[in-house]
Amino acid sequence: HAQKRTIEETWRHIGHLVSTIQPGECENYFANARYASVKS
């Protein structure tokens, strides 16, 4: 079941989750969302 968290704990947890995303995975998310820059 979900734990109660303070706002600070929630942001800390989000920061931890973000740090687990690999650069290539992040690049793929942006590319799929069509935010990637066009490489020439």
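This is a short chat about a predicted model of one protein chain.

Student: What does the secondary structure come to?
Tutor: The protein chain has two helices and zero strands. Keep in mind that the model is predicted.

Student: How much of the chain is buried?
Tutor: Buried residues make up 0% of the 40 residues. Buried here means under 20% relative accessible area.

Student: And how much surface does the chain expose?
Tutor: About 4200 Å². Carbon and sulfur atoms supply 58% of that area.

Student: Which residues form a nonpolar patch on the surface?
Tutor: Ile-7, Trp-11, Ile-14 and Val-18. Together they have about 450 Å² of accessible area.

Student: Take Val-18. Where is it found?
Tutor: Val-18 is in helix H1, which covers residues 7–19.

Student: Is Val-18 buried or exposed, and why?
Tutor: Val-18 counts as exposed because its relative accessible area is 52%. The cut-off for exposed is over 50%.

Student: Switching to charges. How many salt bridges are there?
Tutor: The count comes to one salt bridge. Arg-12 forms it with Glu-8.

Student: How far apart are the closest N and O atoms there?
Tutor: They are 2.6 Å apart. A salt bridge needs a side-chain nitrogen of Lys or Arg within 4 Å of a carboxyl oxygen of Asp or Glu, so this pair qualifies.

Student: What lets side chains like that pair?
Tutor: Side chains of opposite charge can pair when their charged atoms come close.

Student: Where do the two sit relative to each other in the helix?
Tutor: Arg-12 and Glu-8 are four residues apart in helix H1, so about one helical turn separates them.

Student: Are those two buried or exposed?
Tutor: Both Arg-12 and Glu-8 are exposed. For Glu-8, the relative accessible area is 54%.

Student: What polar contact joins the side chains of Glu-8 and Arg-12?
Tutor: A contact of 2.6 Å joins them.

Student: Now Glu-9. Where is its place?
Tutor: Glu-9 is in helix H1 as well, where Glu-8 also lies.

Student: How exposed is Glu-9?
Tutor: Glu-9 counts as partly exposed because its relative accessibility is 35%. Partly exposed falls between the buried cut-off of under 20% and the exposed cut-off of over 50%.

Student: What does the side chain of Glu-9 reach?
Tutor: The Glu-9 side chain reaches the backbone nitrogen of Thr-6. The distance is 2.9 Å.

Student: Give me helix H1 in brief.
Tutor: Helix H1 holds Val-18, one of the nonpolar patch residues. Helix H1 also holds the Arg-12 and Glu-8 pair.

Definitions and conventions
Residues numbered from 1 in each chain as written. Predicted model: local features only at pLDDT ≥ 70, side-chain atom pairs only at ≥ 80, totals over all residues. Heavy atoms only, no water. Buried < 20%, exposed > 50% of the residue type's maximum accessible area, 1.4 Å probe, protein only. Areas by Shrake-Rupley, 256 points an atom, 1.4 Å probe, with all protein chains shown as cover. Patch = residues over 30% accessible without salt bridge, like charges linked within 9 Å, V, L, I, M, F, W, Y side chains within 5 Å. Polar contact = N/O pair within 3.5 Å; in protein donor to acceptor, adjacent residues only side chain to side chain.
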